[in-house]
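Subject: Structure handover and notes

Hello,

Here is the structure for your work. My notes follow it, grouped by topic.

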Amino acid sequence: MNIWSGGKKGNSKMSKAVVIVGLAGSGKTWVSYSIWDWFRNRKQDVSIFNLDPGATNLPYNPDFDIREEIDLWRVMERYKLGPNGALIVSMDLMVNSVESINKSIRSIGTPLIIIDTPGQMEVFLYRASGKIILDSLDIDELLIIYVIDGLFAKDPRNFVSSILLGGTLKMRFNFPLVSALNKIDLLDEKDVKTLLKYFRSPLTLKKDLHTHYSTFESDFIFKSFLLMKKYEIYTDFVPISAVYLTNFYSLIAVITRILFGGEEYYS
Ligand SMILES: Nc1nc2c(ncn2[C@@H]2O[C@H](COP(=O)(O)OP(=O)(O)O)[C@@H](O)[C@H]2O)c(=O)[nH]1
Ligand SMILES: [Mg+2]
């Protein structure tokens, strides 16, 4: 069975996309690869695009690769810049590649495209160019998966600051947003359960914050979190390991449900 066929109504010729974002090193490339590989192994029609001009050693062979148009190392040489400056220039240059990205989207024509994005999330998402690129893609529906490094988020303060960063993404793009708490293979099961509890029943978070921080700090952090909950910034919060595929079926189920309206494809 092809899961895409049971999806929401709309322009059936257009692709839907999952855009993977997150801080450098959080595991975007691995999450992209594992989602793509999961569907591919189940004979679903899926493609993967690399929009990171500075990517090295990708675990996948991209169907579209921005490095064929913009090579970060060449930008460094040509404009005499370090890696950060060159990445910023590359993002601005990428706006000129929108038509060629769209051409690939149309010619490859898979119902689902996984989009891997640059390591430094801020240069892609918080510059004008990143928004222009995402808004200009020839895509029917777009879902953002915001990857959080589980090791970083283990501390309750870091957990909330990660969630808040997702909130600012929502503010900027207003696409459906799912957060994937990645690298849970490096956490104790108890810690993963606690983080899920923080998300689902915030009183546990409140208690833990008060144990660790002053009343002022913990109130500030807790109320910031409640604000995110109140506005339902997140469609879902899913702990995973992108390398070991722990709980990966849950992430796949969320993607399938949001983009294709189907819950049946879990195994
Ligand atoms: N243990 C573990 N390591 C991971 C996981 N996901 C990514 N990594 C590692 O984290 C590092 C950064 O991953 P990468 O996908 O390149 O991050 P990106 O910069 O966000 O694209 C690499 O060394 C990966 O092998 C995971 O689920 N578990
Ligand atoms: Mg990457």
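Asn50 sits in strand E2, which covers residues 46-50. The model is a predicted one. With a relative accessibility of 0%, Asn50 falls in the buried class, because buried means under 20%. Leaving aside residues up to four places away in sequence, Asn50 touches Ala55, Leu58, Tyr60, Pro62, Phe64, Asp65, Ile66, Arg67 and Asp116. One of these contacts, Asp65, belongs to E3 and stands opposite Asn50. The pairing of E2 with E3 is parallel and runs over two bridges.

**The sheet as a whole**

The sheet is open and has seven strands, in the order E3-E2-E4-E1-E5-E6-E7, with parallel pairing. Strand E3 (64-65) and strand E7 (236-239) are at the edges and have a single partner strand each, so one side of each has no neighbour in the sheet.

Strand E5 is mostly covered, with nine of its 11 residues buried. Its pairing with E1 is parallel, over eight bridges, and here Ala17 stands opposite Leu142 in E5. E5 also pairs with E6 in the parallel sense, over six bridges. In that pairing, Ile148 stands opposite Leu181 in E6.

**Salt bridges**

The whole structure contains 13 salt bridges by the search. Three of them involve E5.

- Lys16 and Asp140 meet through their side chains at 4.0 Å, N to O.
- Glu141 and Lys16 form a salt bridge at 2.9 Å, N to O. This pair also links distant parts of the chain, with Glu141 in strand E5 and Lys16 in strand E1, 125 residues apart.
- Asp149 and Lys183 form a salt bridge at 3.2 Å, N to O. Asp149 is in strand E5, while Lys183 is in the loop between strand E6 (177-182) and helix H9 (189-200), and the two are 34 residues apart.

Lys16, Asp140 and Glu141 make up one network, joined by salt bridges that share partners.

How buried or exposed are the residues in these pairs? Lys16 is buried, at 6% relative accessible area. Asp140 is partly exposed at 28% relative accessibility, and Glu141 is partly exposed at 24%. Lys183 is partly exposed as well, with a relative accessible area of 22%.

**Helix H8**

The buried residues of H8 are Pro156, Phe159, Val160, Ser162, Ile163, Gly166, Gly167, Leu169, Lys170 and Phe173. Viewed down the axis of H8, these buried residues fall within an arc of 165 degrees, so they line one face of the helix. As background, an α-helix has 3.6 residues a turn, so residues three or four places apart point the same way.

Both ends of H8 have a feature to note. At its start, a side-chain oxygen of Asp155 comes to within 2.8 Å of the backbone nitrogen of Arg157. After the helix comes Asn174, with a positive phi near 50 degrees.

**Positive phi in loops**

Lys43 has phi near 60 degrees, a positive value in a residue other than glycine. Lys43 is in the loop between helix H1 (28-41) and E2, and is exposed, with a relative accessible area of 74%. Asn57 is not a glycine either, and its phi is positive at about 50 degrees. The place of Asn57 is the loop between E2 and E3, and at 74% relative accessibility Asn57 counts as exposed.

Regards

Technical notes. Residues numbered from 1 in each chain as written. Chains lettered and ligands numbered in written order. Predicted model: local features only at pLDDT ≥ 70, side-chain atom pairs only at ≥ 80, totals over all residues. Heavy atoms only, no water. Helix = DSSP H or I, 4+ residues; strand = E, 2+ residues; numbered from the N terminus. Buried < 20%, exposed > 50% of the residue type's maximum accessible area, 1.4 Å probe, protein only. Contact = heavy atoms within 4.5 Å. Arc of directions from axis to C-beta. Polar contact = N/O pair within 3.5 Å; in protein donor to acceptor, adjacent residues only side chain to side chain. Pairing = 2+ DSSP bridges.
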